[in-house]
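Subject: Structure for you to look at

Dear colleague,

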Amino acid sequence: VSPLRRALALRCPLCGEGRLFASWFRMVRNCSGCRFKFEREPGYFLGSIYVNYGLSVALVIVTLVTTTIWPVSTTLQVSIVAAIVAFFALWFFRYARALWLAFDVSIAPPEAQEFS
Ligand SMILES: [Zn+2]
């Protein structure tokens with residue numbers, strides 16, 4: 001199973017066993033399978049904001065293009081974009097962190113001291 005698929009399942013990118021989240025917004029500290037510490041350094045998941053932001057912008061562009069092809073009023077267009085972005089950013093929060101972690105461990109594999 002690839003790290004990408006593990007991320008989309010919100011599982012540890014290394015072993016695929018441990019869950020990343022205990023609840024919607026609260027992460028588990030260590031993988032229950034391999035003991036990998038998910039927050040690799042202080043502020044580690046700030047990078048996931050870029051993932052979330054990038055996809056939110058892409059979604060806004062798609063929405064703007066769609067509402068230009070099938071025109072609606074400006075008020076409705078702004079309302080649709082605002083609703084989609086607000087919902088998407090919250091819904092995608094966990095996936096952004098999981099994808100960020102999977103991407104990062106693929107370019108910088110963890111060292112022994114990152115397991116506890
Ligand atoms: Zn693991």
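Predicted model: local features only at pLDDT ≥ 70, side-chain atom pairs only at ≥ 80, totals over all residues.

Residues are numbered from 1 along each chain as its sequence is written, and side-chain values use heavy atoms, with hydrogens and water left out.

The whole chain

The chain has three helices and zero strands, and from the N terminus on its elements run α-α-α; helices (H or I, at least four residues) and strands (E, at least two) are DSSP runs, numbered from the N terminus. Along its principal axes, the C-alpha trace spans about 55 × 25 × 25 Å. The radius of gyration of the chain is 17 Å, whereas a compact globule of 116 residues would have one near 13 Å (taken over C-alpha atoms, with a globule rule of 2.2 Å times the number of residues to the power 0.38). Of the 116 residues, 32% count as buried, where buried means under 20% relative accessible area, exposed means over 50% and partly exposed lies in between, with a 1.4 Å probe and protein chains only. Among the contacts in the chain with a separation of 6 or more, 57% come from residues 24 or more positions apart, a contact being heavy atoms within 4.5 Å.

The helix pair

How do helices α2 and α3 cross, and at what angle? The axes of α2 (residues 47–69) and α3 (residues 74–107) come within 8 Å and cross at roughly 150°, which makes α2 roughly antiparallel to α3. Axes here are lines fitted to C-alpha atoms, for helices over the stretch in contact, and angles run from 0 to 180 degrees between N-to-C directions; angles under 35 degrees count as roughly parallel, over 145 as roughly antiparallel, 65 to 115 as roughly perpendicular and the rest as oblique. The crossing of α2 and α3 is right-handed (the near helix is turned clockwise from the far one by less than a right angle, and anticlockwise for left-handed). By class, the contact of α2 with α3 has 16 nonpolar, eight polar and one charged residues, with Ala, Val, Leu, Ile, Met, Phe, Trp, Tyr, Cys and Pro counted as nonpolar, Asp, Glu, Lys and Arg as charged, and the others, Gly among them, as polar.

Leaving aside neighbours within four places in sequence, S56 is in contact with F88 and A89. The C-alpha atoms of S56 and F92 are separated by 9.2 Å, although the two residues are 36 apart along the chain.

The N-terminal helix and the loop

R6 is found in helix α1 and is buried, with a relative accessible area of 17%. Not counting residues up to four places away in sequence, R6 touches V1, R11, C12, P13, L14, C15 and G16. By contrast, the C-alpha atoms of R6 and T66, 60 residues apart along the chain, are separated by 32 Å.

The loop between α1 (3–8) and α2 holds F25, which counts as partly exposed at 47% relative accessibility. Beyond its neighbours within four places in sequence, F25 is in contact with L90 and F93. F25 and Y44 are 19 residues apart in sequence and 15 Å apart in space, C-alpha to C-alpha.

Two further residues deserve a check of the backbone. L10, in the loop between α1 and α2, has a positive phi of about 60° although it is not a glycine, and L10 counts as buried at 10% relative accessibility. R35 is also placed in the loop between α1 and α2; its phi is positive, about 70°, although it is not a glycine, and R35 is partly exposed, with a relative accessible area of 40%.
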